[in-house]
Amino acid sequence: MSEMDVLFATLRQAADPQTAACIENVVMHGSDRDLNRINALAFADKHHLDEEKTIAAFIHAARIGAFEMTWNVLCPGCGGVLDSGATLKGVVQDTYHCELCAAGYEPTLDEMVEVTFTVSPRLRSIAAHDPDRLPPLEYYRQIFFSSGVDLPEDLKARFERILLEMIELAPGEKAFVSLQLPAQFVIIFDAVTHSAQFIDVQGEPTDERQTLSMILSQAHTLNETLILRPGPLRLTLENHTDRRVVPNVCIAGDDLHDLLGRRRAFLTAKRLLTNQSFRDIYRTDTLDVDQRLKITSLTFLFTDLRGSTALYERVGDLAAFDLVRAHFRVLHEIVATEAGAVVKTIGDAVMATFPSPDRAVAAALRMREAMLRLNAEHGSDDLLLKIGIHEGPCLAVNLNDRQDYFGQTVNIASRVQGLADPNVIMTTEAIVGDSKVSEILRNGGIKSASRMEELHGIGHEVRIFALS
């Protein structure tokens, strides 16, 4: 058997076989572009696959070495990749600056960090494995722009409408470019160094040649916008790096904005961190101890068994242990199928995360039904599950050698669970106010009753909702 056969045989055992077969087919027959920085969500949509199974399959493919997983810090404005690394540990800056947008951003795991997958050279060599050899426009498409920018197939034709010039410069090379400036806003930008120069072309046209020099380096120096007149320009470009650069001069008008405004969903770091397969595989290798990465919105679900101590006394350690273990197994399965992940268990309690409130509520309702079935099977109400849910901002951190979460949102979710009665799901206003949650409750005939409560250590009253 070839190495490819061995790797995909392993993948079919670890992941969904249909998804694994689809990935294998693309590796064998897809274009080079299809195999570079794969957007797992777009891949699932294109091939009519389940999103969660697709994400899990690519995670397993990365684990066995068939694909390389990359974490890219994105500019939320233009969708450009500002930094890239093999792990989340590479996201270390407090602020990332985009020269093309002339703006700085504090990184969050919700919108600014994507995770993509590129085929390993072990399976197939593609052009992007040596990106400096890509044609300039393909470099922009495959390397600079994120997988969340939905660039059209006819990118070349559409880009030519706004392109005044694009050249390649070898390391240390200098070029002189003559062009005609239109009476519009013009940008000189290089996707390799992220160097940018803005030119506001205005005033009376001139026949006199204007001059401009620009040095392309890794310094990322911010250039002030220049004002030039419509007419001839002699542009000098110097490459002060040890790599090829691909600067372009283009018109920053509606056509450019339309190109960059085409967006699609992508696999965010937040969603990957809430994926059970990822947590199981990369349990101890996600964050450095000193990292504190912001998430603007994450949903937490806490569960606990009421009266578990009395259960052990009533039925004995062995029987109680089997019951509790069965309850954990069911909860883990439900969390995983609702796109969530179990962060940790503490005694008989579970802490889980979900990318959105509706997935957490769907999981909670399924948990409640599952416990009722388990109790019916055993002929007693031994498993009395208390559930609490809250959503909000938090920090992704490394605690006790595992990826964990910290912040007031976590504290509130835990306190809300403590107020829950058995078989009643306790939530906050942030949860029931979600439109998709409202639809779930309405379709399921679930009633909610609210009250104000003081939560220990929170310092203010919180409106909570009991779902029954």
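In the predicted model, Phe189 has Ala196 of strand 9 as its bridge partner, strands being DSSP runs of type E of at least two residues and helices runs of H or I of at least four residues, both numbered from the N terminus. Strand 8 (residues 185-190) and strand 9 (residues 196-201) pair in the antiparallel sense over 5 bridges, where pairing requires that DSSP finds at least two bridges between two strands. Both belong to an open sheet of 5 strands, ordered 6-13-8-9-11, in which the pairing is mixed. Because strand 6 (163-166) and strand 11 (226-228) stand at the edges with a single partner strand each, one side of each is left without a neighbour in the sheet.

Strand 10 (residues 210-216) runs parallel to strand 12 (residues 231-239), to which 7 bridges join it, and Gln210 stands opposite Leu233 in strand 12.

The chain contains 15 helices and 21 strands, and its C-alpha trace spans about 95 × 60 × 40 Å along the principal axes. Of the 468 residues in the chain, 54% are buried. Among contacts (heavy atoms within 4.5 Å) between residues at least 6 apart in sequence, 71% join residues at least 24 apart.

The structure holds 0 disulfides, a disulfide being a pair of cysteine sulfur atoms within 2.5 Å. Cys101 is in no disulfide, and the nearest cysteine sulfur, that of Cys75, is 3.6 Å away. At 29% relative accessibility, Cys101 counts as partly exposed, while Cys22 is buried, with a relative accessible area of 14%.

The mean pLDDT of the chain, the predictor's confidence in each residue on a scale from 0 to 100, is 92, and 96% of the residues reach 70 or more. Among the elements, helix 3 (residues 40-46) has the highest mean pLDDT (98) and helix 10 (residues 308-315) the lowest (61). Where pLDDT is low, the predicted coordinates should not be read in detail.

Residues are numbered from 1 along each chain as its sequence is written, and side-chain values use heavy atoms, with hydrogens and water left out. As this is a predicted model, local features need pLDDT of at least 70 and side-chain atom pairs count only at pLDDT 80 or more, whereas totals for chains, interfaces and linings use all residues.

Notes
Buried means under 20% relative accessible area, exposed over 50%, partly exposed in between (1.4 Å probe, protein chains only).
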